[in-house]
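The sequence and the model are shown first, and a description in short sections follows.

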Amino acid sequence: MDGDSGPENIAAPPAPVNPAIYFDGTSSRRHVVTLAFNDALAINAGDHTLATWSYADIRRADGPTGLLRLACLTAPALARLEIRDAAVAAELTACCSKLDTNLPGQRGVAAIVGWSLAAAISIVGVVWFGVPLAADRLAPLVPPALERRLGDVAEGQLKIIFGNNICTAAPGRAAFNKLVDEIREAAGMDTSIQTAVLSTAIPNAFALPGGKVYLFNGLLAKAENADEIAGVLAHELGHLKHRDNTRNLIYNGGTSFLIGLLFGDVTGSGALIFASRSLVTASYTREAEQNADTFSIEVMHRLGRSPKAMGELLFRVTGKEVDKPLSVLSNHPLTEDRLKRMSDEDRPPSGPPLLTPEEWTSLKAICTPRPSAPQAK
Amino acid sequence: MNQMSSVPLHPPPVPEEVSFSGARGEFRQLVARGAGLELLTFGFYRFWLATDIRRHLWSNTLIGGNAAEYTGRGKELLFGFLFAIAIIMPIYLAYFLVGVEVERFKAFASTPLFLFFYLFGQFAIYRARRYRLTRTVWCGVRFWMSGSGLAYAGRAALWGVLMALTLGLILPWREAALERYKMRHSYYGDLPGRFEGTGWAFFKRGWWLWLLAAAPLLTLMLLPMVQFIPRLAPMAKTITAISSIVALLILLMIPFIYGLFKAVEWRWWLSGIRFGDVRFESSLVNGALVGLYWKVIGWFLLITMLFSGYLFGCAALLAGINHTPVAKLFTPANLQGSIPMLVAAVIGYLAFILTLNVVMRVYLLRDVWARVIASTTVYRLEAAANVAAEGELANALGEGFADGLDVAGF
């Protein structure tokens, strides 16, 4: 029992042959041991053998510099043998042929790199082909009720951002409804669509999921004739018809999630994620915009009016866009390209004007309440 | 039996050394290679890099002459992450649908739902700590942890509410309470842990840091309001000037305040840890870590300058090839279509973040660790000399959640 020396025995003057420290893995007790290189490695405390480790089962464990720390496959998982003496360490290392087999070596790293590349390629493939396909297939399956709810949410936020001022001047309202009905019928869409003019100086128009279209007064102010506004409204109806909002939602959710999977915690990778996401998303929305333009052109042809008017209105609003930096990141096609496309589709008007000059004047004034009827309900 | 072991060598508690033996160059090489592989693998190498970093730090940490060991593996972290993603995905979807319903009721009303993710993040922090602790081995016996991640998250959330109400002044008591919970459920073999640091002791050491941080921030918030006092209205310009000076001052003070705070926190935390009779003590001085933060800032500025120089050089070189006058070099039309310029910029940016990651890990992980460890002594270590092994390995799901939710904790 004397051989079971505790930690205090380290300082014992005559150093035994091959002094090493052994932990048996069942307690934290520190055993000063000697090693005997027999058929298997014998770990002895005095004349008492604590353990016998077969050389083929000995594996290297992590240790500080200058210390050889070993574990054994057949011993308790946390049993450790620690050798400080370089000569003994070298002798033992020479006996153990499989010392480093479970540490990730060159081949392990190569495997990680290979699998990561495969995973990355698969994720990029899914983002490029799979998610758009899923968005196209899933969007029609989203129940209209849920779409309307999404629309309500977007509407609430829209009204907080742009103000909740719906323009209600009666003659303007009548002209607007007439215009919308004409386009709606030509587009072959039912009466569930709700439309309104919102009083804000920003020149824009929105289609919300579930069938709501908002025209901003700022765009109306820049328009010079009814055909220009008709083209824009037809474009927004195109978004509704193609369910672009819902498709975008599914697409954006999918791509953010997948691209976020890559580059977990690399500091500074935020910019990479942002850039790559913007790049893919932009090309997707550009395509949706192009399709909505196509839809608008078809509707205008059906009405016998020129699609070119919308292009001219857009050009008036944005100006030339080609000089702006990084057009690959833009989510709309360049205005000049859209104008060119719509000009190419220009035909002499074959249908009646969509609004009479009087109706057009009242539409332009939809957001100015008539002084004669202040706050008329 | 064991007559010799039970004879005490010295009657009073003997302080024993806690030391760090890791070579700086070795760690630098490890993280440089790791950062390169991380880029090469689109970030997937992070699981193996985190494991290698911990293996290095753990196995070079010697307590009373015996080195610790980290037995976790990268593959475990990867699987934990994959499982976590599979669980987080439907949660995100549910979060989205609940959000839609709440928003319908009132616009932007869904904002408080992020609280759920705060709770989830705290849960992840607890579970990740449990994983790390069960992979920590010293003298052939592992540490382990019981307790409930949910109970912890609940506590953390309640303390979080108090934090918001007191503008962070209650932080010491929050940390003490949470640490007591964590340590009460931590064990080394059959030796139970506990935490004896008190909020009051932490507060006494660090209250002035709170003042240093809060006072300029409050000034910055209140100053613009002075303009609404009619008598002071003519001074608007002076007030704006003062505001910008205060803002600049805060910016310069942040590394100092944060470095001081971390040192105070480390010292208080280490000095409160107990395992049975084993007691730790840290003598970390307040200013011990400030220099490290400034070094990182210095490196960051240097690397940014090199990166800008590189971009300018590339642009000039391309302009030279295309015979564009330098004046026109940086017009949008010139930069936009230039694919070579974009490629050069991306390569430069990758090198930039690679270097930055190496710098941050060397200074803020390795050097902080080495300084903190070097300041520590341990008393009555003999109480841990014959501890029976106990405790089960925990899975890496918590680490996966922490990765997926981008939270970190200790």
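## A loop residue in chain A

In which loop of chain A is the place of Arg243(A)? The structure is a predicted model, and in it Arg243(A) lies in the loop between helix 6 and helix 7 (244-261) of chain A. This arginine takes a positive phi of about 55° although it is not a glycine. It comes just after helix 6 of chain A. Arg243(A) has 21 other C-beta atoms within 10 Å and is buried.

Helix 6 (residues 226-241) of chain A holds 16 residues. At 1.5 Å a residue, helix 6 of chain A should span 22 Å, and its end C-alpha atoms are 22 Å apart, which agrees. Of the 16 residues of this helix, 15 are buried, so helix 6 of chain A is largely enclosed by the rest of the structure.

## Chain B in outline

Chain B has 410 residues, of which 34% count as buried. Its secondary structure comes to 13 helices and 10 strands. Among contacts in chain B between residues at least 6 apart in sequence, 74% join residues at least 24 apart.

## The barrel

In chain B, a closed barrel of 10 strands runs in the order 1-2-3-4-5-6-7-8-9-10, with antiparallel pairing. On average, neighbouring strands of this sheet are turned by 25° against each other, direction ignored. Strands of a sheet pair through backbone hydrogen bonds, either parallel or antiparallel.

Strand 1 (15-20) of chain B is joined to strand 10 of chain B by three bridges, and the two run antiparallel. Within this pair, Glu17(B) has Thr377(B) in strand 10 as its bridge partner. Strand 1 of chain B also pairs with strand 2 of chain B, in the antiparallel sense and over three bridges. There, the bridge partner of Phe20(B) is Thr61(B) in strand 2.

## Strand 3 and its partners

Strand 3 (residues 66-70) of chain B has five residues, four of them buried, so it is largely enclosed by the rest of the structure. With strand 2 (residues 61-63) of chain B, strand 3 pairs in the antiparallel sense over two bridges. Ile63(B) has Asn66(B) in strand 3 as its bridge partner. The hairpin of these strands of chain B has two residues between the strands, and Gly64(B) in this hairpin takes a positive phi near 55°.

Strand 3 of chain B is also joined to strand 4 (residues 136-138) of chain B, through three bridges and in an antiparallel arrangement. The bridge partner of Ala68(B) in strand 4 is Trp138(B).

## Helices against the sheet

Strand 8 (residues 273-275) and strand 9 (residues 278-282) of chain B run antiparallel and are joined by two bridges. Here Phe275(B) has Val278(B) in strand 9 as its bridge partner. Helix 7 (residues 171-184) of chain B packs on the sheet and touches strand 6 (186-188), strand 7 (191-195) and strand 8 of chain B. The direction of helix 7 makes about 180° with that of strand 7 of chain B. Helix 12 (residues 339-374) of chain B also packs on the sheet, touching strand 1, strand 2 and strand 10 (376-379) of chain B. The direction of helix 12 makes about 170° with that of strand 1 of chain B.

Helix 7 of chain B has a helical neighbour as well. The axes of helix 6 (residues 149-165) of chain B and helix 7 of chain B come within 10 Å and cross at roughly 175°. These helices of chain B are therefore roughly antiparallel to each other. Among the residues that meet are Tyr152(B), Trp159(B) and Met163(B) in helix 6 and Leu171(B), Leu178(B) and Tyr181(B) in helix 7 of chain B.

## Nonpolar cores

The largest nonpolar core contains 89 residues, and Ile43(A), Val141(B) and Tyr188(B) touch the most other members. Helix 5 (residues 114-134) of chain B gives the most to this core, with eight residues. Another core, of 58 residues, lies apart from it, and its members include Leu215(A), Ile250(A), Ala292(A) and Met310(A).

Not counting residues up to four places away in sequence, Tyr188(B) touches Val141(B), Phe143(B), Gly193(B), Phe275(B), Ala384(B) and Val387(B).

## A loop residue in chain B

Arg380(B) is found in the loop between strand 10 and helix 13 (397-405) of chain B. Its phi is positive, about 55°, although it is not a glycine. Arg380(B) is partly exposed, with 17 other C-beta atoms within 10 Å.

Key. Residues are numbered from 1 along each chain as its sequence is written. Chains are lettered from A and ligands numbered from 1 in the order in which they are written. This is a predicted model: local features need pLDDT of at least 70, side-chain atom pairs count only at pLDDT 80 or more; totals for chains, interfaces and linings use all residues. A nonpolar core is a set of buried Ala, Val, Leu, Ile, Met, Phe, Trp, Tyr and Cys residues joined through C-beta atoms within 7 Å. A residue is buried if 20 or more other C-beta atoms lie within 10 Å of its own, exposed if 12 or fewer, and partly exposed in between; C-beta atoms are placed from the backbone. Helices (H or I, at least four residues) and strands (E, at least two) are DSSP runs, numbered from the N terminus. Two residues are in contact if their C-beta atoms, placed from the backbone, lie within 7 Å. Two strands pair if DSSP finds at least two bridges between them. The expected span of a helix is 1.5 Å times one less than its number of residues. Axes are lines fitted to C-alpha atoms, for helices over the stretch in contact, and angles run from 0 to 180 degrees between N-to-C directions. Angles under 35 degrees count as roughly parallel, over 145 as roughly antiparallel, 65 to 115 as roughly perpendicular and the rest as oblique.
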